[in-house]
Amino acid sequence: MFDPSLLGRLSFTLSAPTRPSLPAGLHPLGIAEERDAMLYVPSTLKKEGPVPLLVMFHGAGGSAEKVRPFLEEHAERLGFLLLLPQSIYPTWDIVIGGNGPDLERLGLALTAVASQFEIDPSHFGFAGFSDGGSYSLSTGITNGDIVSHVIVFSGGFMSVFMQEGAPKVFIAHGLIDEQLPIETSGRKHAEQLKAAGYEVQYVEFNGLHIIHPPIVALAMDFFLGEAQQAG
């Protein structure tokens, strides 16, 4: 039988927690001896009921520690879990040669988090920068039946063999990106997704190939705006 993971499909499904939740702070998940996935639990996370989860994928040559500072303050301010996977190689498997070990480890990391916290399916997002943005976009659209929001900071490409569900998409790209030109990446992806019927918020900013803090703030409002209004 054909393995759906080759097309980027996660085997992970949301389920009820079976273990005690973790205390506030940064925790390795123990799914790998090297470049383990990290989970940041904010002190503001509510104690009962489902909680939001955002998964942030680092860029090429990056790590959890390189992207964590951009998101941690927002996790604390807004009260959401922040999962920080790390690629086995210098960048994500989908960039090198197709879905494989990184997708498998992502599934393990998500399973570990879901075993200790009840995840809010309406606020379960994938985000990423550069190659991580490409990974977030590709994997999020492919698994849109479980992922509610997809956030892309200066992503380079979209590799989608099957579309599932209808996640909301946020794409931001610098006008003078020196590594991934906006015309062939950010603008192109936004147009393609809108044409395919996705709800897309597209933002251009006057900057290079960077994670721009004001744009991150906009993306977090996109991710949790409805939840904050409801609260």
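This briefing covers salt bridges, one histidine and its surroundings, and the pocket and cavities of the structure shown above. The model is predicted. It has 5 salt bridges, and the structure also holds 2 cavities of 30 Å³ or more. The largest pocket has a volume of about 230 Å³, while about 70 Å³ of space lies in the largest cavity.

**Salt bridges around arginine 68**

- Side chains of opposite charge can pair when their charged atoms come close.
- Arginine 68 pairs with glutamate 72 in a salt bridge whose closest N and O atoms are 2.3 Å apart, and both residues belong to helix α1 (residues 64-78), where they sit 4 residues apart, about one turn of the helix.
- Arginine 68 has a relative accessible area of 17% and is therefore buried, since the limit for that class is under 20%, whereas glutamate 72, at 23% relative accessibility, counts as partly exposed.

**Salt bridges around arginine 187**

- Arginine 187 forms a salt bridge with glutamate 183, with 3.9 Å between the closest N and O atoms, and arginine 187 also forms a salt bridge with glutamate 204, for which the corresponding distance is 2.6 Å.
- Arginine 187 lies in helix α5 (residues 186-195) and glutamate 204 lies in strand β8 (residues 200-205), so this pair ties together parts that are 17 residues apart in sequence.
- Glutamate 204 is partly exposed, with a relative accessible area of 33%, and arginine 187 likewise counts as partly exposed, at 29% relative accessibility.
- Elsewhere, salt bridges that share partners join Glu65, Arg68 and Glu72 into one network.

**Histidine 173**

- Histidine 173 is located in strand β7 (residues 168-174), and this residue is buried, with a relative accessible area of 1%.
- The side chains of histidine 173 and serine 185 are joined by a polar contact of 3.2 Å.
- When its neighbours within four places in sequence are left aside, histidine 173 is in contact with a set of residues that includes Ser154, Gly155, Leu180, Pro181, Ser185, Tyr202 and Phe205.
- Glu204 is also among the contacts of histidine 173, and glutamate 204 is the residue that forms a salt bridge with arginine 187.

**Largest pocket**

- The largest pocket is lined by 17 residues, and Ser21, Leu45, Lys46, Lys47 and Phe117 are those that lie nearest its centre.
- By class, the lining of the largest pocket divides into 9 nonpolar, 4 polar and 4 charged residues.

**Cavities**

- Rolling a probe the size of a water molecule over the atoms shows where empty space is left.
- The residues that line the largest cavity include Ile31, Arg35, Asp36, Phe57, Trp92, Asp102, Arg105 and Tyr135, and the largest share of this lining, 3 residues, comes from helix α3 (residues 101-114).
- The lining of the largest cavity is made up of 7 nonpolar, 1 polar and 4 charged residues.
- The second largest cavity has a volume of about 40 Å³, and Leu7, Gly8, Ile94, Asn99, Ser138, Thr139, Thr142 and Ser159 line this space.
- Helix α4 (residues 131-142) supplies the largest share of the lining of the second largest cavity, 3 residues, and by class that lining has 2 nonpolar, 6 polar and no charged residues.

Key. Residues are numbered from 1 along each chain as its sequence is written. This is a predicted model: local features need pLDDT of at least 70, side-chain atom pairs count only at pLDDT 80 or more; totals for chains, interfaces and linings use all residues. Side-chain values use heavy atoms; hydrogens and water are left out. A salt bridge is a side-chain nitrogen of Lys or Arg within 4 Å of a carboxyl oxygen of Asp or Glu. Helices (H or I, at least four residues) and strands (E, at least two) are DSSP runs, numbered from the N terminus. Buried means under 20% relative accessible area, exposed over 50%, partly exposed in between (1.4 Å probe, protein chains only). On a 1 Å grid over the protein atoms alone, a cavity is a set of points where a 1.4 Å probe fits but cannot get out, and a pocket is an open set with protein on both sides within 12 Å along at least five of seven lines; lining residues have an atom within 4 Å of a point. Grid points are joined across faces, edges and corners, and a volume is the space filled by probe spheres set on the points. Ala, Val, Leu, Ile, Met, Phe, Trp, Tyr, Cys and Pro count as nonpolar, Asp, Glu, Lys and Arg as charged, and the others, Gly among them, as polar. A polar contact is a pair of N or O atoms within 3.5 Å; within protein, one must be able to donate a hydrogen and the other to accept it, and residues adjacent in sequence count only if both atoms are side-chain atoms. Contact means heavy atoms within 4.5 Å.
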